[in-house]
Amino acid sequence: MKHVAFTGEAEQLATVAEHRQGESDLLCQGGQWYLLVTCEIAEAEPNVHPVGFVGVDLGIVNIATTSTGTRHSGRRINRTREQDRKLRAKLQKKNTKSAKRRAKKHAGKEARRARDINHKISKCIVAEAQRTARGITLEDLGGIRSRECSRCHHMETANRPSQATFTCRSCGFAEHADHNASHNISHRGWWTWVRGAESQAPALTLIA
Ligand SMILES: [Zn+2]
């Protein structure tokens, strides 16, 4: 088939126009049509001299919080997850052929939505790192490490009285707990990088 018109997001259309390779496939999945296009895009040279790291705290309430101040909230995704759970329970109770079919179709939709949101968030973070010449470091601190003050490094359970609040008992520094964690992750990323970079360097020979 040739000369079939198609449309999409402006950014996607530009990528397709510039980098399309060979033929494309049309696919129908869960009642939706998709155009699968292979694109070959040259990778940018990696930045081997980052000025610092964008620390990314991964969580559930906030899917990702960066040390540069962006909080990607999971509110929308969590709310629809709750609706999805209810619908699944309802369909399971019915247990008819059509209910199973609906459940299957819905599961596909759910997975695609989560993938889409994750993709958008990662693109945002990568763009932020590239713009500021930084590397990226991701972590789910959890436990005691999420109770460390990113300013004075004092660690105490009482530093984090609630899921969202961080207040250092030693220096008084207060911030959203996820932001505080993202700063710690950014520091740790930097140290890991420096240690790794050092170990790759040839050993110094001192001449007396
Ligand atoms: Zn402190």
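In the predicted model, the crossing of helices α2 and α3 is left-handed. The axes of α2, spanning residues 75-94, and α3, spanning residues 97-131, approach within 10 Å and cross at roughly 165 degrees. Since angles over 145 degrees count as roughly antiparallel, α2 is therefore roughly antiparallel to α3. On the α2 side, the contact is formed by Ile-77, Asp-84, Leu-87, Arg-88, Leu-91 and Lys-94. These residues meet Ala-99, Arg-102, Ala-103, His-106, Glu-110, Ala-114 and Ile-117 of α3. Classified by residue type, the contact of α2 with α3 comprises 7 nonpolar, 1 polar and 5 charged residues.

The loop between α2 and α3 contains Asn-95, a residue other than glycine whose phi is positive, near 55 degrees. Asn-95 is exposed, because 9 other C-beta atoms lie within 10 Å. A positive phi is also found at His-3, where the value is about 60 degrees although the residue is not a glycine. His-3 belongs to the segment before α1 (10-19). With 4 other C-beta atoms within 10 Å, His-3 is likewise classed as exposed.

In soluble globular proteins, nonpolar side chains tend to be buried together. The largest nonpolar core of the model consists of 11 residues. Its members are Phe-53, Val-54, Val-56, Ile-63, Ala-64, Ala-129, Leu-141, Phe-166, Ala-177, Ala-181 and Ile-185. Strands β3 (53-58) and β4 (62-66), together with helix α4 (177-200), are the elements that each give two or more residues to this core. One of the core members, Ala-64, touches Val-56, Leu-58, His-72, Ile-121 and Ile-125, when residues up to four places away in sequence are not counted.

Strand β2, comprising residues 32-39, includes Leu-35. This leucine is partly exposed, as 14 other C-beta atoms are located within 10 Å. Not counting residues up to four places away in sequence, Leu-35 touches Phe-6, Ser-24 and Leu-26. Leu-35 and Leu-138 are separated by 103 residues in sequence, and their C-alpha atoms are 32 Å apart in space.

Methods. Residues numbered from 1 in each chain as written. Predicted model: local features only at pLDDT ≥ 70, side-chain atom pairs only at ≥ 80, totals over all residues. Axes fitted to C-alpha atoms, helices over the stretch in contact; angles between N-to-C directions. Helix = DSSP H or I, 4+ residues; strand = E, 2+ residues; numbered from the N terminus. Parallel < 35°, antiparallel > 145°, perpendicular 65-115°, else oblique. Left-handed = near helix turned anticlockwise from the far one by under 90°. Contact = placed C-beta atoms within 7 Å. Nonpolar A, V, L, I, M, F, W, Y, C, P; charged D, E, K, R; others polar. Core = buried A, V, L, I, M, F, W, Y, C linked by C-beta atoms within 7 Å. Buried ≥ 20, exposed ≤ 12 C-beta atoms within 10 Å, placed from the backbone.
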